[in-house]
Amino acid sequence: MTAAAAPRTPAGPGAAPLRLGTRRSALATTQSRLVADAVAARAGRAVELVEITTYGDTSRAHLAQIGGTGVFVTALRDALLRGEIDIAVHSLKDLPTAQPDGLVLAAVPRREDPRDVLVARDGLTLARLPDGARVGTGSARRSAQLLAHARGRGRGIQIVPVRGNIDTRIGYVREGELDAVVLAAAGLNRLGRSGEVTDTLSADTVLPAPGQGALAVECAAVNGDLAALLAELDDPGTRAAVTAERSLLAALEAGCSAPVGALADLLADGQIVNEMRLRGVVGTADGSTLVQLSTTGPVPASHQHAVALGRELASEMLAKGAAGLMGERAL
């Protein structure tokens, strides 16, 4: 990657707009607009969206076939480093675990609901899906856990690989090609479409992807004034949680399309939050074997403590055979 261009710093209302890079989908532009509005309110300066097409948007292959890791973010990061945009907004679950030189993860705003949801025909829930139901998802993580869940209840479901935006996926159900699709709750909530959900999947049934429901706000490291402004959007609890989840993912040496789920919860004693529980799962593609463990410790007081929590759980999972279950290992 090339060095970042000279920074454009926050200024008053007469300054040129800040340029916020986003993927082109309805979901991406909606969540980027949320960030843009928050930045504009703090900067006293307009923020314009710059739509950028990523490789993951143009390829029709499944994520595991095109590498998965970074396919939705590389073009945005390159535009930041070239100085074509000032800010980039990503779905945090799409970010590779290694932070590139020249860029800073300036803010992780408060997380939306991290869970997965079902959108099924006839208002069906997961428990009421018929034996042999056709369920669409492009996620190895979801497939493994759903198949394991069905097998544990003496039932069968058929996983149908799908890609595309939310409308495309829900369309398969509306048109009768699938009985249900699995989507992220956060995306439907941000689009105001939570009313289409027929079942919310408990994290005890399907652990979400590391970082699911959270956004990542990046800028050039040389732009200290802008990084400081963006840091005002940061939610410490969310950052600690997703740092632990992504540390687990990194320690497993797994990419963002590998069958790894993780979720960190802040646990309260009365009204005092004093512990964090981190759960992780790795499974074979057919769901026949899962390694699922958890660990609980004090709420991380620093980035290093959150990283240590993730590494601790990953070490335990590897000792239980997690490495042999993953179809993709990150390089």
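In which helix does Arg174 lie? Arg174 is part of helix 5, which covers residues 166-174; helices (H or I, at least four residues) and strands (E, at least two) are DSSP runs numbered from the N terminus. The model is predicted, so that local features need pLDDT of at least 70 and side-chain atom pairs count only at pLDDT 80 or more, while totals for chains, interfaces and linings use all residues. Residues are numbered from 1 along each chain as its sequence is written, and side-chain values use heavy atoms, with hydrogens and water left out.

Arg174 is exposed, its relative accessible area being 52%; here buried means under 20% relative accessible area, exposed over 50%, and partly exposed in between (1.4 Å probe, protein chains only). Apart from its neighbours within four places in sequence, Arg174 is in contact with Val119 and Glu196, where contact means heavy atoms within 4.5 Å. The side chains of Arg174 and Glu196 are joined by a polar contact of 3.3 Å. A polar contact is a pair of N or O atoms within 3.5 Å; within protein, one must be able to donate a hydrogen and the other to accept it, and residues adjacent in sequence count only if both atoms are side-chain atoms. The C-alpha atom of Arg174 is separated by 8.7 Å from that of Ala120, a residue 54 positions apart from it along the chain.

The protein as a whole contains 9 helices and 13 strands. Of its 331 residues, 51% count as buried. Among contacts between residues at least 6 apart in sequence, 72% join residues at least 24 apart.

The Arg19 side chain reaches two backbone oxygens, that of Gly83 at 3.0 Å and that of Glu84 at 3.3 Å. Thr22 also belongs to strand 1 and is buried, with a relative accessible area of 0%. A polar contact of 2.8 Å links the side chain of Thr22 to the side chain of Ser32. Not counting residues up to four places away in sequence, Thr22 touches several residues, including Ala28, Thr29, Leu49, Ile52 and Leu76.

Helix 8 has 16 residues and reaches 22 Å from its first C-alpha to its last, close to the 22 Å expected at 1.5 Å a residue; the expected span is 1.5 Å times one less than the number of residues. Among the buried residues of helix 8 are Thr238, Ala241, Thr243, Arg246 and Leu249. The buried residues of this helix pack against strand 11 (260-269), strand 12 (272-283) and helix 9. Just after helix 8, Glu253 takes a positive phi of about 55°. Ala258 is placed in the loop between helix 8 and strand 11 and is buried, with a relative accessible area of 4%. The C-alpha atoms of Ala258 and Arg141 are separated by 6.6 Å, although these residues are 117 residues apart along the chain.

On a 1 Å grid over the protein atoms alone, a cavity is a set of points where a 1.4 Å probe fits but cannot get out, and a pocket is an open set with protein on both sides within 12 Å along at least five of seven lines; lining residues have an atom within 4 Å of a point. Grid points are joined across faces, edges and corners, and a volume is the space filled by probe spheres set on the points. The second largest pocket holds about 380 Å³ of space. It is lined by 15 residues, of which Thr97, Gln99, Thr243, Arg246 and His303 are the closest to its centre. Helix 8 (236-251) and helix 9 (303-319) each supply at least two lining residues, and helix 8 gives the most, with 7 residues.

By the same rule, there are 2 cavities of 30 Å³ or more. The second largest cavity, with a volume of about 30 Å³, is lined by Leu126, Leu146, His149, Ala150, Arg155 and Ile157. Helix 4 (residues 140-152) gives the most to this lining, with 3 residues.
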